[in-house]
Amino acid sequence: MRDRSIALVVRDRKILSVRTRRLGHLINELPGGGIEPGETPEAAALRELQEECGLEGVIRRQLNILHWKDGSTEYVYLFDVPCEQQETTGFDPETPEGEEQAIQDVRWLSLREFTERERAFLWAYGLLDVEGFFDEVVRWGKEISYPGDR
């Protein structure tokens, strides 16, 4: 696997999400993709946001660097996007020719609209360090729960 860059964009407590088809399932994930040879992680995040969502963004800061067991690294950046920009379904050049486009939709979702599995990735990417989300977690109950126990 090659290294990837991820763009985390939050507007009015909603998170920019790219709805993609992976292994026959629709999932919500953050815009992002592989870093091209000679490209910086920052430039890759900017390019992926443009390709997948049609948005021009400004990197506010790096949120996280994740090192996966396959040896790849993901760089996660927090973005600002001007409010007047509207997202559009973009194009995923990593979709093999002749296959259905992986990107199905681009949406702004509240945290509760993500599945538990999707939220786990958001926390790993650094959402807890984004203004307002730590406070939300602090307000959650103190009960012990686990999705597999339901």
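**Terms and their grounds**

Mentor: L128, F134 and V138 make a nonpolar surface patch of about 290 Å². The model is predicted: local features need pLDDT of at least 70 and side-chain atom pairs pLDDT 80 or more, whereas totals for chains, interfaces and linings use all residues. Residues are numbered from 1 along each chain as its sequence is written, and side-chain values use heavy atoms, leaving out hydrogens and water.

Trainee: What makes a group of residues a nonpolar patch?
Mentor: Each residue has over 30% relative accessible area and no salt bridge, and nonpolar side chains (Val, Leu, Ile, Met, Phe, Trp, Tyr) are joined within 5 Å. A salt bridge is a side-chain nitrogen of Lys or Arg within 4 Å of a carboxyl oxygen of Asp or Glu.

Trainee: Why is L128 called partly exposed?
Mentor: Buried means under 20% relative accessible area, exposed over 50%, and partly exposed in between (1.4 Å probe, protein chains only). L128 has 40% relative accessibility and therefore counts as partly exposed. L128 lies in the loop between α2 (116–125) and α3 (133–139).

Trainee: Which residues of α1 are buried?
Mentor: They are P41, A44, A45, R47, E48, L49, E52 and C53. These buried residues pack against β1 (4–11), β2 (14–22), β4 (32–34), β6 (73–80) and β7 (103–109), a contact being heavy atoms within 4.5 Å.

Trainee: How many of the chain's residues count as buried?
Mentor: The proportion is 43% of the 150 residues.

Note on methods
Helix = DSSP H or I, 4+ residues; strand = E, 2+ residues; numbered from the N terminus. Patch = residues over 30% accessible without salt bridge, like charges linked within 9 Å, V, L, I, M, F, W, Y side chains within 5 Å. Areas by Shrake-Rupley, 256 points an atom, 1.4 Å probe, with all protein chains shown as cover.
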